[in-house]
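Here is a short briefing to read alongside the model on your screen.

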Amino acid sequence: MQTRPLGTTGPQVSALGLGCMGMSALYGEADRAESIATIHAALEAGVTLLDTGDFYAMGHNEMLIGEALRAAPAALREQALTSVKFGALRDPDGGWSGYDGRPAAVRNFAAYSLQRLGVDHIDVYRIARLDPNVPIEETVGAIAELVEKGHVRHIGLSEVGAETIRRAAATAPISDLQIEYSLISRGIEDEVLPTTRELGIGITAYGVLSRGLISGHFTADRQLDPTDFRSMSPRFQGENLQHNLSLVEALRKIAEQKGVSVAQIAIAWVSSRGEDIVPLVGARTRERLTEALGALDVTLDDADLAAIEQAVPADAAAGDRYPAAQMSHLGTDR
């Protein structure tokens with residue numbers, strides 16, 4: 001599999017990364033055995049980047065990845081690179097209580113993640129959302145101390161704006177920014193992407209299929225479990241959903257002309273935006289992983305890209321990507 005640099009200070013990683021969140025939380029029930037088999041299949045296919053968060057099902061996702069790594073052949077285990085988000089505060093009922101980016105908390109979160117993952121270092125470590133009460137310099141400085149001690153290899157950021165990126169990069173070398181980027185979530189193109197490119201920071205793009213909305217597999221009559229994030233997501237509600245699925249059908253026509261799936265063309269579009277962008281695919285099964293890997297064989301020429309832009313123009317999606325209460329935590333500059 002081809003590799004791409006994770007910014008100028010980060011490692012070479014596979015051209016696709018595997019986002020493991022859905023194997024534990026927020027998208028309904030998942031099959032543990034199938035999840036582990038999917039991680040193994042990804043490693044066997046050459047995927048090196050495994051992304052998680054210490055708050056995904058309160059540590060369950062990290063333990064799942066740890067179990068998968070222990071059961072993998074040594075050669076595959078050694079090629080795996082872990083990307084971990086921290087800082088989100090949870091309660092026993094599954095509620096969210098904000099974010100903690102204090103240096104003492106950073107060290108505490110890292111200690112637990114290392115234990116759950118069963119590794120001696122985390123390859124990329126980042127706070128999931130900016131803590132409005134702690135300057136980014138303090139949070140990044142604490143991660144930099146973990147780098148000095150060998151517990152972390154590279155420093156990342158997640159869902160922050162251009163000013164915060166500059167402040168973080170002035171504090172310590174930043175390998176990449178994890179942020180949502182897809183055909184229907186293109187907000188980073190105005191300020192964030194030019195800033196990361198100026199500073200030599202890579203992008204790991206999550207939500208490349210918009211939580212399945214533009215995968216080609218989601219239907220208007222699908223019944224979602226109340227615990228499924230999409231049951232509360234504005235883009236999956238009522239008229240918004242109908243409008244967004246009409247965009248998918250326009251994209252499907254282009255995909256069919258190329259003999260590929262909707263998901264593959266959507267992933268290929270993100271991948272085509274630059275060598276500094278690594279799409280994260282949230283495949284929960286080997287079947288979906290195989291489909292996603294097929295996107296690496298899709299080449300989009302200028303005519304294809306123009307047709308895609310016409311079918312799904314920038315800002316064409318209906319509805320915000322998160323409920324209003326969560327939108328306030330995204331891209332906040334401090």
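How much space lies in the second largest cavity? About 30 Å³ of space lies there. This is a predicted model, in which local features need pLDDT of at least 70 and side-chain atom pairs count only at pLDDT 80 or more, while totals for chains, interfaces and linings use all residues. Residues are numbered from 1 along each chain as its sequence is written, and side-chain values use heavy atoms, with hydrogens and water left out.

**Cavities**

- A search of the whole structure turns up 2 cavities of 30 Å³ or more. On a 1 Å grid over the protein atoms alone, a cavity is a set of points where a 1.4 Å probe fits but cannot get out, and lining residues have an atom within 4 Å of a point.
- The volume of the largest cavity is about 40 Å³, where a volume is the space filled by probe spheres set on grid points, joined across faces, edges and corners.
- Around the largest cavity you will find Glu180, Ser210, Arg211, Leu213, Phe229, Ser233, Arg235, Phe236 and Arg321. Sorted by class, this lining has 3 nonpolar, 2 polar and 4 charged residues. Here Ala, Val, Leu, Ile, Met, Phe, Trp, Tyr, Cys and Pro count as nonpolar, Asp, Glu, Lys and Arg as charged, and the others, Gly among them, as polar.
- The second largest cavity is lined by Leu16, Gly17, Leu18, Val47, Val281, Leu289, Ala292 and Leu293. That lining has 7 nonpolar residues, 1 polar residue and no charged residues.
- β3 (17-19) and α10 (286-293) each supply at least two residues of the lining of the second largest cavity, and α10 gives the most, with 3 residues. Helices (H or I, at least four residues) and strands (E, at least two) are DSSP runs, numbered from the N terminus.

**Helices α1 and α2**

- The axes of α1 (residues 32-44) and α2 (residues 60-71) come within 10 Å and cross at roughly 55 degrees. That angle makes α1 oblique to α2. Axes are lines fitted to C-alpha atoms, for helices over the stretch in contact, and angles run from 0 to 180 degrees between N-to-C directions. Angles under 35 degrees count as roughly parallel, over 145 as roughly antiparallel, 65 to 115 as roughly perpendicular and the rest as oblique.
- From the α1 side, Arg32, Ser35, Ile36, Ile39, His40 and Leu43 meet His60, Leu64, Ile65, Glu67, Ala68, Leu69 and Ala71 in α2; contact means heavy atoms within 4.5 Å. By class, this contact has 8 nonpolar, 3 polar and 2 charged residues.

**Helices α4 and α5**

- α4 (residues 103-117) and α5 (residues 136-148) pack at an angle of about 45 degrees, with their axes 8 Å apart. The two helices are therefore oblique to each other.
- Pro103, Val106, Arg107 and Ala110 of α4 make the contact with Glu138, Thr139, Ala142, Ile143, Glu145 and Leu146 of α5. This contact has 6 nonpolar, 1 polar and 3 charged residues.

**Helices α6 and α7**

- For α6 (residues 162-171) and α7 (residues 192-199), the packing angle is about 20 degrees and the axes are 9 Å apart. α6 and α7 are therefore roughly parallel to each other.
- Ala162, Ile165, Arg166 and Ala169 in α6 meet Val192, Thr195, Thr196, Glu198 and Leu199 in α7. The residues of this contact divide into 5 nonpolar, 2 polar and 2 charged.

Key: 1 Å grid on protein atoms, 1.4 Å probe; cavity = no way out; pocket = protein on both sides within 12 Å on 5 of 7 lines; lining within 4 Å.
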